[in-house]
Amino acid sequence: MSRKNQQTNSIMSAIEISPDLSDLHAYSSNKLTLAKQLYVLREVLTNSKQKIAAQQIADIIVKLAEDRFTLAVLGQFKRGKSSLMNAIIGREILPTGILPLTSAITVLKYGPAERLIIHYENSIFPDEIPLSAIAKYVTEKENPGNIKKVKTAYVELPIPFLRRGLEFADTPGVGSVNTANTLTTYNFLPHCDAVFFVTSADAPLTDIELIFLHKISKYIKKSFLSLIKSISSQLKNVIHCWNL
């Protein structure tokens, strides 16, 4: 190889391993500006005794600092939300069944090892529970109406899909006889950055779903629609949605 070709290859290699940092710098600058504005807003809300709103802003500040993005799977009860999530991650982690099942918010996030962390309402002390016991905390059968007061069940998994701060959230289906489940999901909407809305391809949207979609639109600006025909075709539907 000639000296000129060697120099050319060295230059090309340097270009390949030297990423354009302009986007990263712009992101960091915008993130810092937003954080300052959020701190000011939190102070205003705190001084005006609006504790709930101030806490919501504080939660957003933490999420911004940790680069977390919450993608929630929403829909009417028994639309296959948990089965869809299992299909996406390629693991049967979330409990599924014939009857309306999910009773608490369950968040899949990245972790170096598999573990289940349970956060409770009105408690700052979470519990680490064997992942095999997840049904005892997040299902209607084992935790009807969320009587165990589970705020959020975090499932940490070493799955590449969950890297870079993605939090993949399963939610109780709306419209079941258990109104507490519907309320839990509605209260979770302000914490979502984007949503998958799951419905059936075999029937038109119900009134419950239309009302829920309207509610979602007040909080979420980015939504994906997944039409579920059967469990075997779910992953294909998901890939189609992501390409919209």
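This is a short tour of side-chain contacts, one selection at a time.

Before you start, note that this is a predicted model, in which local features need pLDDT of at least 70 and side-chain atom pairs count only at pLDDT 80 or more, while totals for chains, interfaces and linings use all residues. Residues are numbered from 1 along each chain as its sequence is written, and side-chain values use heavy atoms, with hydrogens and water left out.

**Stop 1: a surface patch**

Select Val40, Leu41 and Val44, a nonpolar surface patch with about 250 Å² of accessible area together. Such patches take residues with over 30% relative accessible area and no salt bridge, joining nonpolar side chains (Val, Leu, Ile, Met, Phe, Trp, Tyr) within 5 Å and like charges within 9 Å. Areas here come from the Shrake-Rupley method with a 1.4 Å probe, and for residues only the protein chains shown count as cover. Val44 belongs to helix 2 (residues 22–47); helices (H or I, at least four residues) and strands (E, at least two) are DSSP runs, numbered from the N terminus. Val44 is partly exposed because its relative accessibility is 48%, where buried means under 20%, exposed over 50%, and partly exposed in between.

**Stop 2: aromatic rings**

Next, look for rings: the whole structure holds three aromatic pairs. Rings of Phe, Tyr and Trp (its six-membered ring) pair if their centres lie within 6.5 Å, and planes under 30 degrees apart are stacked, over 60 edge-to-face, the rest tilted. Phe161 and Phe168 are edge-to-face, as their ring centres are 5.5 Å apart and their planes at 70°. Phe161 is partly exposed at 30%, and Phe168 is buried at 0%.

Now select Tyr186 and Phe212, a stacked pair with 5.2 Å centre to centre and 15° between the planes. Tyr186 is in helix 6 (residues 179–188) and Phe212 in helix 7 (residues 207–219), so this pair ties together parts 26 residues apart in sequence.

**Stop 3: charges over rings**

Go to Lys148, whose charged end sits over the ring of Tyr137, 4.9 Å from its centre. Then try Lys109, whose charged end sits over the ring of Tyr154 at 5.2 Å from the centre. The rule asks for NZ of Lys or CZ of Arg within 6 Å of the ring centre and within 35 degrees of the ring normal.

**Stop 4: salt bridges**

Side chains of opposite charge can pair when their charged atoms come close. With a salt bridge taken as a side-chain nitrogen of Lys or Arg within 4 Å of a carboxyl oxygen of Asp or Glu, the count comes to six.

Select Glu167 and Arg68, whose closest N and O atoms are 3.5 Å apart in a salt bridge. Glu167 lies in strand 6 (residues 166–170) and Arg68 in the loop between helix 3 (51–66) and strand 1 (69–75), so parts 99 residues apart in sequence are tied together. Glu167 is buried at 6%, whereas Arg68 is partly exposed at 21%.

Which residue meets Arg115 in a salt bridge of 2.9 Å, N to O? Select Glu156 to find that partner. Arg115 is in strand 3 and Glu156 in strand 5 (residues 150–157), so the pair links parts 41 residues apart in sequence. Glu156 is buried, with a relative accessible area of 12%.

Key. Buried means under 20% relative accessible area, exposed over 50%, partly exposed in between (1.4 Å probe, protein chains only).
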